[in-house]
Amino acid sequence: MKSVTVMAICLMGILYSATAQDLNQRYTDKKDKEHLIGKCDRDALTAAPFAEWYKKYYDAYELDKTLLKHSEGKLKDVKIEIFMGTWCGDSKRGVPQFYKVLDELGVEESQVTLVNLYNMDSVYKQSPNHEEQGKLIHRVPTFIFYKNEKEIGRIVETPVTSFEMDMAQLLNGLPTAPNYKAVQDISKIFEEEGVPTDRKELLAIANRIYKGAKGYRALNTYGYVLLANDEIDKAIATFTINCMIFRKMPNVWDSLAEAHEKNGELDKALEFYKRVLELNPIAENAKKKVEELKSED
């Protein structure tokens with residue numbers, strides 16, 4: 001209990017320090033690594049300890065100047081939001097490359113909002129001031145383009161083709177479907193049709209979105225983002241649908257069990273942890289959870 005209390009106090013301290021001053025705040029994770037958090041500017045990325053990887057990827061990126069011509073003059077009235085994590089390999093690589101593209105196109109710093117997110121379970125992919133809220137940020141980096149305050153397209157984690165090509169397409173009104181289409185689809189269904197609990201309705205959604213699910217991790221990550229935001233019903237529905245699509249993957253059942261456990265549905269949690277062990281008899285977390293939940297009966 002004492003360790004939990006200490007952790008809670010530390011977390012409160014981290015959150016307070018990040019919200020007290022908006023720009024270029026830092027925190028230290030459990031591995032003693034320093035990271036940026038909340039709103040930042042590019043100066044923060046070009047300072048130690050982040051400068052090493054920022055300069056490496058910025059300098060090494062070879063621009064396709066032929067493709068960039070299709071974006072010239074089209075970014076004047078465009079605002080861009082970048083959501084990233086200095087703990088994320090894709091962010092370390094992609095954000096410097098993206099900035100190099102923006103520099104070549106003459107984009108002003110004032111047109112760009114840069115937000116760093118936590119990689120901690122209780123505030124997973126959140127910022128202290130929640131700039132990410134309502135924007136479907138489930139993978140980082142995510143680059144969102146706005147014109148007249150309306151989103152005109154986004155690049156999620158990595159470009160579909162390249163930064164130059166993806167930007168040229170969305171700036172000319174031909175945006176490609178970003179990566180992780182299943183997440184976009186399921187979020188839209190929940191927003192427009194509500195969050196079902198009936199198994200038949202969940203199966204119907206699984207049948208509608210499965211072609212956009214390239215692997216179980218996409219919906220699993222989205223489920224954990226929902227869980228961290230206390231959107232339990234959406235998280236359980238997402239994990240359930242993922243289990244329907246990838247029913248032979250132990251990890252998806254483990255995630256569903258965790259969500260039910262957090263929701264106080266211990267019988268269901270026990271059932272799904274047992275399912276994990278049917279698929280993977282040496283799954284240590286599931287073994288531990290089954291024993292814990294059995295002892296509570």
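The largest cavity of this predicted model is lined by Arg-42, Tyr-99, Leu-102, Asp-103, Val-107, Glu-108, Glu-109 and Val-112. A cavity here is a set of points, on a 1 Å grid over the protein atoms alone, where a 1.4 Å probe fits but cannot get out, and lining residues have an atom within 4 Å of a point. Helix H5 (residues 89-105) supplies the largest share of this lining, three residues; helices are DSSP runs of H or I with at least four residues and strands are runs of E with at least two, numbered from the N terminus. The volume of the largest cavity is about 30 Å³, taken as the space filled by probe spheres set on the points, with grid points joined across faces, edges and corners. One cavity of 30 Å³ or more is counted.

Residues are numbered from 1 along each chain as its sequence is written. Local features need pLDDT of at least 70, side-chain atom pairs count only at pLDDT 80 or more, and totals for chains, interfaces and linings use all residues, while side-chain values use heavy atoms, with hydrogens and water left out.

The largest nonpolar core has 41 residues, of which Ile-186, Ile-209 and Ile-241 touch the most other members. Such a core is a set of buried Ala, Val, Leu, Ile, Met, Phe, Trp, Tyr and Cys residues joined through side-chain atoms within 4.5 Å, buried meaning under 20% relative accessible area (1.4 Å probe, protein chains only). Elements giving two or more residues to this core include helix H7 (181-193), helix H10 (232-245) and helix H13 (284-295). With nine residues, H10 gives the most. Ile-241 touches Ile-186, Phe-190, Leu-202, Ile-205, Ala-206 and Ile-209, residues up to four places away in sequence not being counted; contact means heavy atoms within 4.5 Å. Tyr-58, Leu-63, Val-78 and Val-112 are among the 32 residues of a second, separate core.

His-35, in strand E2 (residues 34-40), counts as buried because its relative accessibility is 6%. Beyond its neighbours within four places in sequence, His-35 contacts Gln-25, Arg-26, Tyr-27, Asp-29, Phe-50, Thr-86 and Trp-87. Thr-86 lies 51 residues from His-35 in sequence, with a C-alpha to C-alpha distance of 5.7 Å. The side chains of His-35 and Asp-29 form a polar contact at 3.0 Å (a pair of N or O atoms within 3.5 Å, one able to donate a hydrogen and the other to accept it; residues adjacent in sequence count only if both atoms are side-chain atoms).

The protein chain has a mean pLDDT of 92, and 93% of its residues reach 70 or more; pLDDT is the predictor's confidence in each residue, from 0 to 100. Over residues 1-10 pLDDT stays under 50, and the model has zero contacts beyond four places in sequence for them.

Note on methods
Buried < 20%, exposed > 50% of the residue type's maximum accessible area, 1.4 Å probe, protein only. 1 Å grid on protein atoms, 1.4 Å probe; cavity = no way out; pocket = protein on both sides within 12 Å on 5 of 7 lines; lining within 4 Å.
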